[in-house]
Amino acid sequence: MSKPDPFKYFKTSRAIIRLAVMMYVRFPLSLRNVEDLLHERGIDISHESVRFWWQRFEPMFAAEIRKKRADCLRSGPQWQWHLDEMFVKINGERHYLWRAVDHEGEVLESFVT
């Protein structure tokens with residue numbers, strides 16, 4: 001038994017819905033900015049439509065991204081991380097800041113000494 005199509009009852013194509021949601025999630029844009037950018041491309045939708053699509057489809061898109069990321073890590077080069085060390089001033093005192101960063105630039109752990 002196959003899963004039902006989540007885009008079945010929408011008049012807008014799945015590509016436009018995906019584009020609008022990804023623009024809102026990926027970039028620091030407001031709902032109205034996404035509406036304006038899509039309007040410049042000739043797509044007339046409301047910011048409320050973008051908000052509804054985001055609430056409905058964001059978990060599904062996030063799961064797809066996590067799955068693709070995990071598949072790439074398993075099939076491609078192995079997961080790597082490195083340790084960053086830098087000085088920071090806190091209340092006028094100099095401290096070390098240690099950060100563990102993975103190959104995608106995400107901070108795994110940080111420690112101040």
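In this predicted model, the largest nonpolar core has 14 residues, and L38 and W53 touch the most other members. Three helices, α1 (14–26), α2 (31–40) and α3 (47–75), are the elements that give two or more residues to this core. Leaving aside neighbours within four places in sequence, L38 is in contact with L19, A20, M23, I43 and I45.

The strands form an open sheet of three in the order β1-β2-β3, with antiparallel pairing. Its edge strands are β1 and β3 (107–112), each of which pairs on one side only. On average, neighbouring strands of this sheet are turned by 20 degrees against each other, direction ignored. Strands of a sheet pair through backbone hydrogen bonds, either parallel or antiparallel.

The two pairings are set out below.

| Strand pair | Sense | Bridges |
|---|---|---|
| β1 (residues 81–90) and β2 (residues 93–102) | antiparallel | ten bridges |
| β2 and β3 | antiparallel | five bridges |

Individual partners can be located within these pairings. D84 has R99 in β2 as its bridge partner. On the other pairing, W98 stands opposite F111 in β3. In a regular strand the side chains alternate between the two faces of the sheet.

The hairpin of β1 and β2 has two residues between the strands.

Key: Residues are numbered from 1 along each chain as its sequence is written. This is a predicted model: local features need pLDDT of at least 70, side-chain atom pairs count only at pLDDT 80 or more; totals for chains, interfaces and linings use all residues. Side-chain values use heavy atoms; hydrogens and water are left out. Two strands pair if DSSP finds at least two bridges between them. Helices (H or I, at least four residues) and strands (E, at least two) are DSSP runs, numbered from the N terminus. Axes are lines fitted to C-alpha atoms, for helices over the stretch in contact, and angles run from 0 to 180 degrees between N-to-C directions. A nonpolar core is a set of buried Ala, Val, Leu, Ile, Met, Phe, Trp, Tyr and Cys residues joined through side-chain atoms within 4.5 Å. Buried means under 20% relative accessible area, exposed over 50%, partly exposed in between (1.4 Å probe, protein chains only). Contact means heavy atoms within 4.5 Å.
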